[in-house]
Amino acid sequence: MVYENPDGIRIGLEIHVQLNKLKTKMFCGCSTDYHNAAPNTHTCPICLGLPGTLPVLNKKVVEAAIKVGLALEGEIAEETQFHRKNYFYPDLPKGFQVTQYDFPIVSKGKIVIEGEDGEHVVGITRAHMEEDPGKLVHLGSIEKSKGVLIDYNRSGITLIETVTEPDMRSPKEARRFLDKFRNILEYLDVFDGNLEGAMRVDANVSVYWGTRVEVKNISSHKGVERALLYEIMRQKNVIRRGGKITLETRHFDEGRGVTISLRTKEEAEDYRYFREPDLMPMRVTDWIPAVRETLPELPDAKRSRFIEQYGITDMHARALTSKIMLADFYESVCAQGVDPKTTATWIADVFLGELNYRDLAISSFDEKKIGFIHTKDPEIENSFKVSDMVELVTFFAEGKISDRAAVEVIRSILDGKEEKTPLQIIEEKGLLKAESDLVSMAVEETIAENEAAVQDYLAGTEKSLNFLVGQVMKKTKGTADAKTARELIVKELRG
Ligand code: ZN
Ligand code: MN
């Protein structure tokens, strides 16, 4: 199948990602943990941009940027340097942002996504390092706000700005790209996507191969898809009425689901970029081998390994590797000796579905359990233990609980206020299959698996019935009553 792209849609993304797993800021020693701090408590003369201060580059920032570049299969610049991007805004007290201009640290990378017509390559034009400005807190909605507060805790946190080629051909592809990108960054352990504002997206979109429009500052992946769907429809309508699309910047109103014109687009020249005189150009080529050593197994490689090692389907492997913590959870469960295929089904098909239904995001994994945050209510924190999944899959595989019961156990753990094991829930709710159910199931299986013995018995060989009873006893590990088993078999076969 070849995707024709009938409406000539081109989408390119500019993504600002906070390296929020780094402990300190880009040019000073202030903590990056601004989500749990009172406003303006993690600041110093450097990140407040006071006159006379000088930046000291955090080595970990450069290492992380190289790591991202290698994971995106990009080229790492031999020599890279910083520029000043000059503009005035209250969240930027220096009057300029330290960023990179014509010598970005990463160029020419790519990410492979599930596209409209199978695997699709999205080119990465460049990725560079820059500092985050402070955070503006509007009182009320952005349009009607009566005032603005500024929190400089965010000022000076490291951002990686990544620019893609306009290679995405539908809002769905754009969303898949973002999911994959976030996934890769989380594998690299430089980024926690659950934190608010950790990934901010600007989208460039055009229809009929025409002029592009930029939609600014979209905060969620779902928001990007919605903003693009709206903007594509708007552009098509303008053209149908004989109008023209002009190069402009628009803002996406999440609440109303529409884009609103902000201004005509600024050009690079407007920012009067010039070399940052306080930071020397760097040669980072020598760092690359050491950083390469620290690269973990990335999503695509892990997916192939899961298919090979556990014999699971591509679809299951895709779902299980879509989050590093989920992949680790799956492997920890498998390591306890339960069947990998059954486990894959329960985690990828059922467990993930129940999480999505509850809008729960996986927030941590620590060898024993996987933790969640409720995106609507950060106070609710549930967890699901590796041992819970092992117990559940074992009960199910041994035929002691039905699949409906197993789903109920998962739901109870996710919704429960106190910690309970699957066994406790099964006992409390009486979910265990009755003894007679177990025997009937064993009888059914035995009949299905022993075609020859069944035929012999039906032809009059009484001995074959003894053999079949023996098989049922074996399946039930001797717990069935032999007389009941015999009666059930006869009833099944003779009616
Ligand atoms: Zn500081
Ligand atoms: Mn930027």
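Student: How is the word "buried" to be read for a residue such as Glu161?

Tutor: A residue is called buried if its relative accessible area is under 20%. In this predicted model, Glu161 has a relative accessibility of 10%, so Glu161 counts as buried. His16, with a relative accessible area of 15%, is buried as well.

Student: What share of the protein chain do buried residues make up?

Tutor: Of the 495 residues in the protein chain, 49% are buried. The chain exposes about 24,800 Å², and carbon and sulfur atoms supply 52% of that area.

Student: Which residues are the protein donors of the manganese ion (ligand 2)?

Tutor: The protein donors are His16 through NE2, Glu130 through OE and Glu161 through OE, and they lie 2.1 to 2.2 Å from the manganese ion. Their spacing in sequence is H-x113-E-x30-E. Distant parts of the chain are linked in this way: His16 belongs to strand β1 and Glu161 to strand β10, 145 residues apart.

Student: How do strands β1 and β10 run, and how many bridges join them?

Tutor: Strand β1 (residues 10–18) and strand β10 (residues 158–164) run antiparallel, and five bridges join them. Within this pairing, Ile15 has Thr162 of β10 as its bridge partner.

Student: In what order do the strands of the open sheet stand?

Tutor: The sheet has nine strands with mixed pairing, in the order β2-β6-β7-β10-β1-β11-β12-β13-β14. The edges are formed by β2 (75–76) and β14 (258–264); each has a single partner strand, so one side of each has no neighbour in the sheet.

Student: I turn to the other metal. Why is the arrangement around the zinc ion (ligand 1) tetrahedral?

Tutor: One examines the angles between the donor atoms: four donors count as tetrahedral if all angles lie between 85 and 135 degrees. Around the zinc ion, the four donor atoms subtend angles of 102 to 114 degrees, and the arrangement is therefore tetrahedral. The protein donors are the SG atoms of Cys28, Cys30, Cys44 and Cys47, at 2.3 to 2.4 Å from the ion. Along the chain these donors follow the spacing C-x1-C-x13-C-x2-C.

Student: Are Cys28 and Cys30 buried or exposed?

Tutor: Both Cys28 and Cys30 are buried.

Student: What kind of pair do Phe329 and Phe365 form?

Tutor: Phe329 and Phe365 also form an edge-to-face pair, with 6.2 Å from centre to centre and 80 degrees between the planes. Because Phe329 lies in helix α7 and Phe365 in strand β17 (residues 360–365), parts 36 residues apart in sequence are tied together. Phe329 is buried, with a relative accessible area of 0%, and Phe365 is buried at 15%.

Student: Which residues are in contact with Thr343, leaving aside its neighbours within four places in sequence?

Tutor: Thr343 is in contact with Tyr330, Val333, Val338 and Val393. Thr343 lies in helix α8 (residues 340–357) and is buried, with a relative accessible area of 0%.

Methods. Residues numbered from 1 in each chain as written. Chains lettered and ligands numbered in written order. Predicted model: local features only at pLDDT ≥ 70, side-chain atom pairs only at ≥ 80, totals over all residues. Heavy atoms only, no water. Donors = N, O, S within 2.8 Å, 3.2 Å for Na, K, Ca; no water. Tetrahedral: all angles 85-135°; square planar, octahedral: opposite > 155°, others 65-115°. Buried < 20%, exposed > 50% of the residue type's maximum accessible area, 1.4 Å probe, protein only. Pairing = 2+ DSSP bridges. Helix = DSSP H or I, 4+ residues; strand = E, 2+ residues; numbered from the N terminus. Areas by Shrake-Rupley, 256 points an atom, 1.4 Å probe, with all protein chains shown as cover. Contact = heavy atoms within 4.5 Å. Phe/Tyr/Trp six-rings, centres within 6.5 Å; stacked < 30°, edge-to-face > 60°.
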